[in-house]
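Please open the model in your viewer and keep the sequence panel beside it. The tour below moves from one selection to the next and says what is to be found at each stop.

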Amino acid sequence: YGVAAVSERVLALTGRLAAGLEEMGAELMIAREAGTESGIVSFRLPQVDSNQLQARLKQRRVLAAPRQGHVRFSPHFYLTEEDMDAVLEQVRDSVRTI
């Protein structure tokens, strides 16, 4: 695939994930502006304990890591847009049950 193609794919996936999280009212640890994108999306939601959210996601088989009061995702190129949408749905569902 090559480094450039992998990088482009990862940024597209994390961009989709970040946009969906922001639509939910999430605060991103790092703004996604030109030159600041990365393959990692760290976020927190107001009124939601990030450690509880990460634990709930783990129960649902969604891999995320707790980091400095945020939940961190780091998807790779082999995932799909549908996978990102499924993660967003799991975040929504998990928040409802916390």
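## Charged pairs first

The count comes to 6 salt bridges, a salt bridge being a side-chain nitrogen of Lys or Arg within 4 Å of a carboxyl oxygen of Asp or Glu. This is a predicted model, in which local features need pLDDT of at least 70 and side-chain atom pairs count only at pLDDT 80 or more, while totals for chains, interfaces and linings use all residues. Residues are numbered from 1 along each chain as its sequence is written, and side-chain values use heavy atoms, with hydrogens and water left out.

Select Arg9 and Glu81, which form a salt bridge whose closest N and O atoms are 2.8 Å apart. The pair links distant parts of the chain, with Arg9 in helix H1 and Glu81 in helix H3, 72 residues apart. Helices (H or I, at least four residues) and strands (E, at least two) are DSSP runs, numbered from the N terminus. Arg9 counts as partly exposed at 24% relative accessibility, and Glu81 is partly exposed too, with a relative accessible area of 28%. For these labels, buried means under 20% relative accessible area, exposed over 50%, and partly exposed in between (1.4 Å probe, protein chains only).

Next select Asp85 and Arg16, a salt bridge in which the closest N and O atoms are 2.9 Å apart. Asp85 lies in helix H3 and Arg16 in helix H1, so this pair ties together parts that are 69 residues apart in sequence. Asp85 counts as partly exposed at 33% relative accessibility, as does Arg16 at 36%.

Then move to Asp93 and Arg96, whose side chains meet in a salt bridge (2.5 Å, N to O). Both of these residues lie in helix H3, 3 residues apart, about one turn of the helix. Asp93, at 22% relative accessibility, counts as partly exposed, whereas Arg96, at 59%, counts as exposed.

## Along helix H1

Select residues 3–23, the 21 residues of helix H1, which at 1.5 Å a residue should span 30 Å; the end C-alpha atoms are 30 Å apart, which agrees. The expected span is 1.5 Å times one less than the number of residues in the helix.

Which residues of H1 are buried? They are Val6, Val10, Leu13, Thr14, Leu17, Ala18, Gly20 and Leu21. Looking down the axis of H1, you will find that its buried residues fall within an arc of 165°, so they line one face of the helix; the arc is that of the directions from the helix axis to the C-beta atoms. The face turned away from this buried side carries the exposed residues Ala4, Glu8 and Glu23.

To see what the buried residues of H1 pack against, show strand E1 (27–28), strand E2 (41–44), strand E4 (70–73) and helix H3 (81–97). Contact here means heavy atoms within 4.5 Å. Just after H1, stop at Gly25, which takes a positive phi of about 95°.

## Across to helix H3

Select the 17 residues of H3, which at 1.5 Å a residue should span 24 Å; the end C-alpha atoms are 25 Å apart, which agrees. The buried residues of H3 are Met84, Val87, Leu88, Val91 and Ser94. They cover an arc of only 125° around the axis, which puts them on the same side of H3. On the other side of H3, Glu82 and Arg96 are exposed, while what covers the buried residues includes H1, E2, H2 and E4.

## Into the nonpolar core

The largest nonpolar core has 20 residues, and those with the most contacts inside it are Leu17, Leu21, Phe43, Leu57, Phe73 and Val91. A nonpolar core is a set of buried Ala, Val, Leu, Ile, Met, Phe, Trp, Tyr and Cys residues joined through side-chain atoms within 4.5 Å. The elements that give two or more residues to this core are H1, E2, helix H2 (50–59), E4 and H3.

Centre the view on Phe73, which touches, among others, Leu17, Phe43, Leu57, Val87 and Val91, not counting residues up to four places away in sequence.
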